[in-house]
Amino acid sequence: MSWSHDSERLIVHRSDVHFLVDAKDSVVVTELDVRSTAYRVPAWKPEERAVTFMVGDRDLGFAVYEADVIGDGLDIPSVIEETSANAAFLWSVDGGRLAI
């Protein structure tokens, strides 16, 4: 799981299911349409309302995606990097670089 920069939301995954958790005033959990059979911890992009996650499987390969958070869901994700392995990733503190 990963907190947003303002500590109001979390992006969480359990098995192949991903959730957006609004924790500002009360806890509201929304299941996202993001699935993956092998997965690393999602990452909230620092200082922005965007999340990064990996989707894929061992047979078809993997890709790291970024999507803006809009309301209680995600905008259309865009591919940051395709990878043939189940890679880990982490944003730099300023959000300018992503290590994969």
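Predicted model: local features only at pLDDT ≥ 70, side-chain atom pairs only at ≥ 80, totals over all residues.
Entry 1, terms. I call a residue buried when its relative accessible area is under 20%, exposed when that area is over 50%, and partly exposed in between, using a 1.4 Å probe and protein chains only. By that rule I looked up Tyr65, which is partly exposed at 21% relative accessibility.

Residues are numbered from 1 along each chain as its sequence is written, and side-chain values use heavy atoms, with hydrogens and water left out. pLDDT is the predictor's confidence in each residue, from 0 to 100. I found an average pLDDT of 85 for the protein, with 94% of the residues at 70 or above. I took helices (H or I, at least four residues) and strands (E, at least two) as DSSP runs numbered from the N terminus. Where is confidence lowest, and where highest? Strand S6 (residues 50–57) has the lowest mean, 84, and strand S4 (residues 28–32) the highest, 90.

I counted two strands as paired if DSSP finds at least two bridges between them. An open sheet is formed by 4 strands in the order S1-S2-S3-S4, with antiparallel pairing. S1 and S4 are the edge strands, each pairing on one side only. Strands of a sheet pair through backbone hydrogen bonds, either parallel or antiparallel. I found 6 bridges between S2 and strand S3 (residues 17–22), and there Arg14 has Val17 in S3 as its bridge partner. S3 and S4 are joined by 5 bridges, again antiparallel, and His18 stands opposite Leu32 in S4. The two strands S3 and S4 make a hairpin with 5 residues between them.

I looked at Val27 in the loop between S3 and S4. Is Val27 buried or exposed? Val27 is exposed, at 64% relative accessibility. Val27 lies 9.9 Å from Glu8, C-alpha to C-alpha, with the two 19 residues apart in sequence. Ser7 sits in the loop between strand S1 (2–3) and strand S2 (9–14). Ser7 is not a glycine, yet has a positive phi of about 60°. I record Ser7 as partly exposed, with a relative accessible area of 48%.

I paired rings of Phe, Tyr and Trp (its six-membered ring) if their centres lie within 6.5 Å; planes under 30 degrees apart count as stacked, over 60 as edge-to-face and the rest as tilted. The count is 1 aromatic pair. Phe53 and Tyr65 are stacked, at 5.9 Å centre to centre and 15° between the planes. The pair links distant parts of the chain, with Phe53 in strand S6 and Tyr65 in strand S7 (residues 61–70), 12 residues apart. Phe53 is buried, at 2% relative accessibility.

I used a 1 Å grid over the protein atoms alone: a pocket is an open set of points where a 1.4 Å probe fits, with protein on both sides within 12 Å along at least five of seven lines, and lining residues have an atom within 4 Å of a point. How many residues line the largest pocket? There are 12, and Pro42, Ala43, Phe89, Leu90 and Trp91 lie nearest its centre. Strand S5 (43–44) and strand S10 (90–91) each supply at least two residues of that lining.
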